[in-house]
Amino acid sequence: MSRSRGQRGPGGFTLMELLIVVGIIGILMTAALWGMQGLGRKVKFEGAAKTVRDKVMLARSRSIASGRKMALRIQQTPLKKWKLTIIDSMDNIFDNEDDREYDRAFIFPKGIGPEAEQEIEFSAEGGITYATSNPMILTDVTDKKEPWRLTLTIYKASGIVKIGELEKVKPAGAGSAGVE
């Protein structure tokens, strides 16, 4: 018994059917990966904001525990990366020979950082004695077409940091400046 052309045996697939299924799977995977990229960016950005919040709390609690002034500094490195360090004054006077880093420095992910250098100083009792800006603004410019911004508000009396909602900012030169 011979089969004529175009007939197939039981349970087989034609090449065309297999190509269609593989194409559909490829389209679905591309859509899933595209969606995951935005999620990964958000997780990285919010993680950086939470690290800043935690480091503020650590600097404050360490100043209370040690009875010394502590400072949190966010500065740009020579390689244009943002670095957050906690400085222990050791003698309640900053920027002299005996200051030292307390805890490991945090290097922000590429494209994420504050709008400008930041410093927050805590007294030995845990109160904020100096802050370059409050609230502190973190930006994410990893996607230049859609920059993001987060506001971190620091409550002076308690040292608690409140992280605001993620804002999508209109890129520079895209009409009127501002937040959507």
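Which loop holds Pro135? Pro135 sits in the loop between β6 (128-131) and β7 (136-140). The views below start with the whole chain and then turn to such loops.

**View 1. Overall fold of the predicted model.** The order from the N terminus is α-β-β-β-β-β-β-β-β-β-β. Of the 180 residues, 29% are buried (under 20% relative accessible area; exposed is over 50%, partly exposed in between; 1.4 Å probe, protein chains only). Contacts are heavy atoms within 4.5 Å. Among those with a separation of 6 or more, 49% join residues 24 or more positions apart.

**View 2. The cis peptide bond at Pro135.** The bond from Asn134 to Pro135 is cis. Its omega is near 10°.

**View 3. Met90 in the loop between β2 (82-88) and β3 (100-107).** Met90 is not a glycine, yet its phi is positive, near 65°. Met90 counts as partly exposed because its relative accessibility is 33%.

**View 4. Asn92 in the loop between β2 and β3.** Asn92, also no glycine, has a positive phi of about 70°. With a relative accessible area of 31%, Asn92 is partly exposed.

**Notes to all views.** Residues are numbered from 1 along each chain as its sequence is written, and side-chain values use heavy atoms, leaving out hydrogens and water. In this predicted model, local features need pLDDT of at least 70 and side-chain atom pairs count only at pLDDT 80 or more, while totals for chains, interfaces and linings use all residues.

Conventions: Helix = DSSP H or I, 4+ residues; strand = E, 2+ residues; numbered from the N terminus.
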